[in-house]
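Please read the following report alongside the sequence and the coordinates. It takes up a few local and overall features in turn.

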Protein chains: 2
Amino acid sequence: MKIVVVGSVAFDNVETPFGKVENVLGGSATFFSVAASFFAPVSVVAVVGSDFPKSELEFLRSRGVDIEGIEIAPGRTFRWTGRYHEDMNLRDTLDLQLNVFADFQPKVPASYRDAEICFLSTIHPSLQKSVLAQVSGAELVGADTMTHWIEGTRDELVELLGAVEVLTVNDEEARLLAGERNVVQAARKILALGPKSVLIKRGEYGVLHFSGDSVFAVPAFPLEQVFDPTGAGDVFAGGFIGALAKAGEFSAATVRRAIVYGSVMASFVVEDFSLNRLRRLTNDDVERRYRQFVALTEF
Amino acid sequence: MKIVVVGSVAFDNVETPFGKVENVLGGSATFFSVAASFFAPVSVVAVVGSDFPKSELEFLRSRGVDIEGIEIAPGRTFRWTGRYHEDMNLRDTLDLQLNVFADFQPKVPASYRDAEICFLSTIHPSLQKSVLAQVSGAELVGADTMTHWIEGTRDELVELLGAVEVLTVNDEEARLLAGERNVVQAARKILALGPKSVLIKRGEYGVLHFSGDSVFAVPAFPLEQVFDPTGAGDVFAGGFIGALAKAGEFSAATVRRAIVYGSVMASFVVEDFSLNRLRRLTNDDVERRYRQFVALTEF
């Protein structure tokens, strides 16, 4: 199956307890699409500025990512500057420059419209909705969101949720969206808003998946060093959706395996800054760590 | 196999976001032994004051717990008063009265000394050591500890660790003991101190088990309501050690299943104050939730 993803393509400045990088490739659609590309064809809808290097577009193309839908607009690319605490579950956004992203009006190329899966990374819910309207034949719609949209555009977000099969959020977003501290009750309330399933990303503590009466829990892969958590959630989603697309069906067993593949991909990206680990990742690495996940969890 | 456990038998005053109880049964040896009693014979070494109600001793006896080693000393029983935050991963100790526990010199009855398994709940490491010396034929020694002993009696604790097969600690204790923030590296450093394996209890995020090159991760059972986390770690240890004793061997597969049984028991005790949930728990309940753990984690 073919995937269309909409989201940001950005430059990041990141500081973690282990180092500091500037002007590195980032953005939700970038992390998502590169992770998904290990499993299935993926097409990106995004906008970059005229400062965006051809070499990075070439990198995406080299991963088989369809970049026809990446608009190059006059001006500068979206930039995010963040610093992680010693406890890397916490981070501060030091600077955010929307630049060309401020006027982003996603246009889905005609060649994308037969995609079976549509993933809406965290952008304004009305933009997510406009992309969905342009990929109207999608059999599976996934969406991500964040605190900013939950607080600022709740009505539009809730309206979108009615059209979404799987929502991915972190603990904090789940609690905020549901107005409920307990994560199980929060998940139930989110499901009542429309999504058929919700994936709650808990960083180093793994993922919970709620769907009907079924609950699935996967721990995160225990790593000796987490270098940079940036993009882990997007990479999780990319691996998850990619594995579903590769399987070509969405049975409960496939969904569970896809969640593990998402966790596998997320466990790699945090091992280095930006997408550096994914740039040198092989399919063999992915399969090896999947087997390590089996060994980690089986009893 | 028979288990000997040493630790506290206490009265707790507990306040959580869901309510408040006073003078309820608590203490590490109590929680441990009641949980273990669902699986195997367990004998307690502890001290209570003359104020300790016979009905609670009767309750332990009704669970098949051998209480010959519970000394009744003149004075008052150990009392702990604590309050949990809205985020129940956090709690404050409001009051601590050691009472008869201050002069506790554990005496292991002769009838206990053939126990195959010895579990040393969190008391002064020199007392843990003295109990171990009295159960010298034990094939498996488990120990728990806490921040207070790691900070105040590190040398004695490290000496004890050389004689311990399995250490149970929470995240914070693991980090403090190892002087290392990353939980995987912390576990490696703790193993280098002597224990053959270390179990890191992460509350609502489950458990990690490190043994040689093997890592095992179990999520906590996702609960709609956590009523009172008090004793969850001790109950986890009791269920884990109990299941090992019942199996009568310590193969890697048995250890993993025992960790799941520990998690099962912990998931019950937090559903009510004190040991209330365990008082009305049946073996069928335990087996049913074990199967739910399988369904929760299999892929």
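The sections below treat a predicted model, beginning with the contact between the chains and ending with backbone angles in the loops.

## Contact between the chains

In this predicted model, 23 residues of chain A are in contact with 23 residues of chain B. On the side of chain A that touches chain B, the elements that give two or more residues are helix H7 (183-192), strand S13 (214-218), helix H9 (252-269) and helix H11 (283-297) of chain A. By residue class, that side of chain A divides into 13 nonpolar, five polar and five charged residues.

## A four-stranded sheet in chain A

Chain A holds an open sheet of four strands, in which the order is S3-S2-S6-S7 and the pairing is mixed. Strand S3 (19-26) and strand S7 (91-97) of chain A each have a single partner strand and stand at the edges, so one side of each is left without a neighbour in the sheet. From one strand to the next, the twist averages 15°.

Within this sheet, strand S2 (residues 10-16) of chain A pairs with S3(A) in the antiparallel sense, and six bridges join the two.

## Helix H8 of chain B

Helix H8 (residues 232-247) of chain B has 16 residues, and the distance from its first C-alpha to its last is 22 Å, close to the 22 Å expected at 1.5 Å a residue. Of the 16 residues of H8(B), 14 are buried, so the helix is largely enclosed by the rest of the structure. Just after H8(B) comes Gly248(B), which takes a positive phi of about 75°.

Most residues other than glycine have a negative phi. Against that background, Ser274(A) has a phi near 50°, a positive value in a residue other than glycine. Ser274(A) is found in the loop between H9 and helix H10 (276-279) of chain A, and it counts as buried because it has 21 C-beta neighbours inside 10 Å, where 20 or more are required.

In chain B, Ser274(B) has a positive phi of about 50°, although it is not a glycine. Ser274(B) is placed in the loop between helix H9 (252-269) and helix H10 (276-279) of chain B. Is Ser274(B) buried or exposed? With 21 C-beta neighbours inside 10 Å, Ser274(B) counts as buried.

Methods:
Residues numbered from 1 in each chain as written. Chains lettered and ligands numbered in written order. Predicted model: local features only at pLDDT ≥ 70, side-chain atom pairs only at ≥ 80, totals over all residues. Contact = placed C-beta atoms within 7 Å. Nonpolar A, V, L, I, M, F, W, Y, C, P; charged D, E, K, R; others polar. Pairing = 2+ DSSP bridges. Axes fitted to C-alpha atoms, helices over the stretch in contact; angles between N-to-C directions. Expected span 1.5 Å × (residues − 1). Buried ≥ 20, exposed ≤ 12 C-beta atoms within 10 Å, placed from the backbone.
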